[in-house]
There are 4 protein chains.
Amino acid sequence: MANFGGHAIPGSFFLLYGFWLTVKNILQHFWRTRLAKKQNNMPHLFKRMDYIEGGFKIFASFVGIMVEQFVVDGPHAHLFDKENNSWVKLMNWQHSTMYLFFGISGITLLASTTSKLVPAGVDRFGLSLALFVEGFLFYYHVHSRPLLDAHIHTLLLFPVFGGSVSTMMEVFIKENIILELLKACLFILQGSWFYQIGFVLYPLNGSEWDLTLHENVMFVTMCFCWHLTMALLLVACTSTVAWFMATRFSKREWDIEIGMQKTSSQTSSQKALLEESDEE
Amino acid sequence: MANFGGHAIPGSFFLLYGFWLTVKNILQHFWRTRLAKKQNNMPHLFKRMDYIEGGFKIFASFVGIMVEQFVVDGPHAHLFDKENNSWVKLMNWQHSTMYLFFGISGITLLASTTSKLVPAGVDRFGLSLALFVEGFLFYYHVHSRPLLDAHIHTLLLFPVFGGSVSTMMEVFIKENIILELLKACLFILQGSWFYQIGFVLYPLNGSEWDLTLHENVMFVTMCFCWHLTMALLLVACTSTVAWFMATRFSKREWDIEIGMQKTSSQTSSQKALLEESDEE
Amino acid sequence: MANFGGHAIPGSFFLLYGFWLTVKNILQHFWRTRLAKKQNNMPHLFKRMDYIEGGFKIFASFVGIMVEQFVVDGPHAHLFDKENNSWVKLMNWQHSTMYLFFGISGITLLASTTSKLVPAGVDRFGLSLALFVEGFLFYYHVHSRPLLDAHIHTLLLFPVFGGSVSTMMEVFIKENIILELLKACLFILQGSWFYQIGFVLYPLNGSEWDLTLHENVMFVTMCFCWHLTMALLLVACTSTVAWFMATRFSKREWDIEIGMQKTSSQTSSQKALLEESDEE
Amino acid sequence: MANFGGHAIPGSFFLLYGFWLTVKNILQHFWRTRLAKKQNNMPHLFKRMDYIEGGFKIFASFVGIMVEQFVVDGPHAHLFDKENNSWVKLMNWQHSTMYLFFGISGITLLASTTSKLVPAGVDRFGLSLALFVEGFLFYYHVHSRPLLDAHIHTLLLFPVFGGSVSTMMEVFIKENIILELLKACLFILQGSWFYQIGFVLYPLNGSEWDLTLHENVMFVTMCFCWHLTMALLLVACTSTVAWFMATRFSKREWDIEIGMQKTSSQTSSQKALLEESDEE
């Protein structure tokens, strides 16, 4: 999908997924550090969030594959054209393959949430693999393009492979909030960089970029760092908000509990009073 | 062995080894998580499996080296031809070297199974080394070939070096089922990719591939991801089947035990009854 | 800032920061190994040192950005010149971006010192990121320069990326004095190498270096190792001095304490004597 | 020292150092697994071995530097020739720098053996650094040489950087016998490969190798794997011999102890008999 929309759609998904991961991981971290001693069972909320995430991934991948295949100028599930002796729309097939692996990561998430037999960490392994395959296909995708086009796609490999490595590390180093937020941050960075690629290669205002100018390469490199700053800022803000919401919510629950105890003790003391008055 | 068979034979071995590793590791994982508390001693089955695996590796490597050396157009153990002042059949010598290291990995497995003096992890170190040497020789093997030929062999390096790294990690992170199944998966991937190389370079139906076409490179890259999907699926299915077989088998054993206890208690109660009736 | 001063200023900062880190980490190590059992609370000194370090980083980054922007031949906060259709002073913008990330690392240090909610290790993650971005921008900075210029900047990437990796490892492996001193050593190396770059590219005595001579590249490579030797020696000496100062200081404190106890016991024995004499 | 001897001398040192490391580490492993519970203090033998190793490294490095500097065609401590405006014998200076870092590694070993203040692991860090610097200088050393010369030196980087990485891992993963023997094995490999380089570049029998032939490159690559096999075999044999020597020696000590106990009990029983006979 070589147009602005074709970069904005995956970009939006990655951006939203980054925010989702931030909120999910902060809530889990809050529960681990604050509530795990009081409540032994992990709350149902986390299971439900994982079901939603896994289900959504599978659904979105399926839709993505279908769109790539059956869009007007798509391959319509034909791989090889025997008449012309050539492959049919390999770009769409490559995108379908990428989506497939995000679908597989959704399946691993569902499996590890549902069954205790599936070893812990399989969900993160699935996500790491999906990012690896994305980076792997992009890497061999970039060859023989103009300078700026190749460079801007190469920079995309940093959040993709970085995310793959950090997610793989989560398989071994569990419940480390820095790794979890780093993953979220790299997804946000990836999402915003997809938008940037769209803006550079398919500019909306019409003024095209010179794809061979070294100055443009230098600017784009620096711009990538600014996106990273933004991603860090967004993760920091979202985390803070999510943490204070969690604190407030769990306090209110606490207050309600205490309030109920108070009420019950009041009623019991009232009862006692009544009984006392009866005895008089 | 530059023909289809020369790629299908190692491919088949790697495929079978991947399945063997899946079953072995799942059985060990089952024992670790379910039975290790009840039975203190590791069952003899695992020792016997390791003896079989080690012995087979040594035997197969020996046969492999012999075939490479004494096949009709082989070097017949001659390394340097003084008359022509040139090396004799270096390709066969390289393959022999690869087999040699798989033989060494077999020896380390036998050694660490037999003796408690050999430090735990030496077997995995040996396997990691064998994969490293395989990748090392392939890496310098690939130079100055046509585009597609070089590319398809380069892709082989992913499962080979990936397997070497993950097996090396097993030396330090022990009894991690994800690492163990990853290793098995990468062996299956390697095996199926050997077949793919055979199909592309020595097509059975006769229609040759254009080894310089960029489109073919793109397809092959994507095809590698599909092989990975298949490998993941095969490991997942084999694991599930092996796990349920293990559950069932251990249950039946359990039932037999309980049944025997029941029988014995029945007979003892019958005896008691008889005795009681005797006393009457 | 393409002159000697432009390399000497960052060089001095990195050199001083390396010494500061050495002293700070040795003091912390001294406290961990000697005093942690006696005193439960971490002394206020360490908190104050972190506040000073964080505050200074933010201040220095702010000044650095302002100078890069509003120096006479700077971009004055203009990014794109619409008249000439070109970017304005991208080099200054790149340096500003580097400073920005050191500022962010200062913010993370302040945040993790102030609040217990910020997960431990965020400060080191921030510093690792700042070094990564510095190396990242330098890496794409170096293209298409003369041989020696490119080589001498490439060598700078060793302490930069080395420092980034070692600081990232500190996020996971905490309170390891070797890692901490390695980080300090790499900062000193980076600082002294900035000076070396200044001396080679903008020689003070006027005799210019031939930037294309292979011999010069060979010398510079070796010279880098000598700088490493010096950095190791400086860290070793500073550590020794800091350790003995800490031992002495903590002994004196101890002596004072004992002295005070003595005095108080003397006074109490004197009191007892007086009381005794009273009783007489 | 561009002749056979110039490669054989460092080769011999590395070979011997590999054997020394094997024996030392096996003895330490024997003590850790067998005797550490009975004896609390580490035997003096290990301290003495470390003193010898450290002292020898410092001495050998010093001699090496002196020889490189003051050999007949050496630089005689002159670095820059102002008359010809050129560097003096940079190759010798580079070798001196390499020796310097092995000297530093000797100093770190002595320091960490002598004083408990020096953090554990500094000795391994020093050795890792020495190997890193050796590899670093070799890497930039190899440029613009004929094919086979460059290739055979590049292969040297595998044991050098491999040793550096595995020694660095020992800083964090302590008392792991596999890592320790891997380090020893890589030193033996490095030593024997130095000999191989000597044989190829300065053949003793006079028949020179064609440095541009691809076949030779292929053979040399394979030959490297054979050296690895030999190194593994040598480490395995040396380990086995050292282990059984240690077992025997410690048994004999045990027997002597038991013997002494026996003797003493015999004498005491004899005494008792005598006393009994006296009483009769």
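How many residue pairs are in polar contact between chain D and chain B? I began with this question, keeping in mind that the model is predicted. The count I found is two residue pairs, both at pLDDT 80 or more. I then looked for salt bridges across the interface of chain D and chain B, and the rule gave zero of them.

Next I turned to the elements behind the contact.

I then looked up the extent of the interface. The contact draws 27 residues from chain D and 25 residues from chain B. Between them, chain D and chain B bury about 2,300 Å², and 83% of this area lies on carbon and sulfur atoms. Within chain D, the residues that lose the most area to chain B are D:Ile178, D:Met218 and D:Met222, which together account for 25% of what that side buries.

Last, I checked how the two copies are placed relative to each other. Chain D is superposed on chain B by a rotation of 90° with 0.0 Å of shift along its axis, at an RMSD of 0.0 Å. The two copies are therefore related as by a four-fold rotation axis.

Technical notes:
Residues numbered from 1 in each chain as written. Chains lettered and ligands numbered in written order. Predicted model: local features only at pLDDT ≥ 70, side-chain atom pairs only at ≥ 80, totals over all residues. Heavy atoms only, no water. Least-squares fit on C-alpha atoms with pLDDT ≥ 70 in both. Contact = heavy atoms within 4.5 Å. Buried area = accessible area lost by both parts, 1.4 Å probe. Salt bridge = Lys/Arg side-chain N within 4 Å of Asp/Glu carboxyl O. Polar contact = N/O pair within 3.5 Å; in protein donor to acceptor, adjacent residues only side chain to side chain.
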